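Let's take a friendly walk through a protein model and look at how some of its charged side chains pair up. Have the structure open beside you as you read.

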Amino acid sequence: MKNKFIKIFCIAIVGAMTLTSCDKGFEEMNTNPNALTDPAVKSMYTLAEIYVDGQDFSNTRGNNYYAAQIVQQFSSLGGPGSKYTYSSEYSGSLFGESYGKGLNQIFQLLSVVKDTPENSNMIQSLRIMKVFMFQKLTDTYGEIPYFEAGKGYNGNVFAPKYDTQEAIYNDLLKELDEAGDALDANKAFVGNADLYYQSDVAKWKKLANSLMLRVAMRLSKVNPAKAQQYVEKAVSKGVFTSNDDSLVLKHDAGPAGVKTNPITSSWVRNDLNGGDGNVKFSKTYIDFLKNNNDPRLRIYAKLEATGDNSPASQQGLANDAKEFAGGDKKLFSDPNTSTVLRLDAPTLIMSYAEVKFILAEAAVKGWNVGGTAQTHYEGGVKAAMDILTIFGDKVPAVSTAEYNAYIAAHPFKVAGTEAEKIEQIITQKWVVLLFNGFEAFSEYRRTGYPAIVPVNDPTGETKGTVPRRLIYDQSELITNAANYKEAISRQGLDLMTTRIWWDKQ
């Protein structure tokens, strides 16, 4: 499997060299629409999958330094997410990279692939990939260019208008509904060029429906009726049923920046420094695992300088810290380079555990999703612990006995209030969303959980309140000024404190 992955990856990189791609901006994304005359379609498809979850640029700056620090999974003394400060390059990284690379790749591929039966499954899966990328973008910034994005390839639109988040969400749900239904196991796909599921249509259908769960639940406060409608529809169509369905993208240990994990590789190269780096696990995250005797702690964390992954030795850095207590950075916990921070660590893009937690929340609300909130919650915790075997066997996996002991000590709050139950569910989701800071940030804003203590730093932009969004890529002020100004006139000022459409408390 590893050699097959490397071969496919290398073909994709060669294919990518034929593309007119860029790092950011609509002007680049929409340039030279007729450059491809004989595209290596399968190579382009593979590269699109690789780009869906972002590359080093956005994952380092937007994910690790902003979103994951805002929700206190990680921390650093000068991190913009820890202190709620503004960095133009970091804040706009997801915006620029998504339009310049991932969406650019998808739109370019769609512009050259004929809409024929033999290409149908490829087209439907690309629609699903687009939803992944667009949801992350709109959740991070609010209004974004959506309906006109990519139309430079076939419509000569080089300054796309921004769309309301409500309109975007309505279309995301439609796309998933239609694309999932249109997938057909009797039609051709792309074979092993599909790194996600090796062209298994049944798994792609489950992915479409599971992503529909995520998209629909985001509307739980702004449009609960529509949220319930699509959550129940997704369940009736069929969502993930085991960890085997989870969307996992495998990586290789080198060369750096080509085949390595884009979330971990830059951290290992630039920020780990033998345990003497500035970015550490947050005290909030480590204390939660440690105080609850969570068996995942030994898998997630260690002191890099000594290799000590014993739970008792782990210490997180407070997000409001001005210095490392004791003056020794090496005494604070790093992500474990034997497991989750390996250069070739797989990316867990969407997990069965996340699906189970969404179903648990839906059951708390009385929606028809089958099973009880308790059974879904317990299944989610079990799946979250079991999935960690994807990170190798250098650290012992969580055993069934450990899981049973954990659940016995932390039973689902069957007699609790709705708020208490949802807090318990979302807090567990926050744990499993490690390295998916953007999604954890969205879930925090939607629910208010986990109950983190805001940082009130004098350098911050929010006067001690948790940010509600990131600020747009400022190149938009030059290249797409009129549409940018129209968007903020509807949504509110381009500030970290401006709430987006679904963010209702």
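In this predicted model, Arg446 forms a salt bridge with Glu443, and their closest N and O atoms are 2.9 Å apart. Both residues sit in helix 19 (residues 437-447), and because they are 3 residues apart there, about one helical turn separates them. Are these two partners buried or exposed? Arg446 has a relative accessible area of 1%, so it counts as buried. Glu443 is buried too, with a value of 3%.

Across the whole structure, a search finds 36 salt bridges.

Arg127 and Glu175 form a salt bridge whose closest N and O atoms are 2.8 Å apart. Arg127 lies in helix 8 (residues 120-141) and Glu175 in helix 9 (residues 165-182), 48 residues apart. Both of these residues are buried.

Now turn to Arg61, which forms a salt bridge with Glu89 at a closest N to O distance of 3.6 Å. Glu89 has a relative accessible area of 45%, so it is partly exposed.

Definitions and conventions
Residues numbered from 1 in each chain as written. Predicted model: local features only at pLDDT ≥ 70, side-chain atom pairs only at ≥ 80, totals over all residues. Heavy atoms only, no water. Salt bridge = Lys/Arg side-chain N within 4 Å of Asp/Glu carboxyl O. Buried < 20%, exposed > 50% of the residue type's maximum accessible area, 1.4 Å probe, protein only. Helix = DSSP H or I, 4+ residues; strand = E, 2+ residues; numbered from the N terminus.
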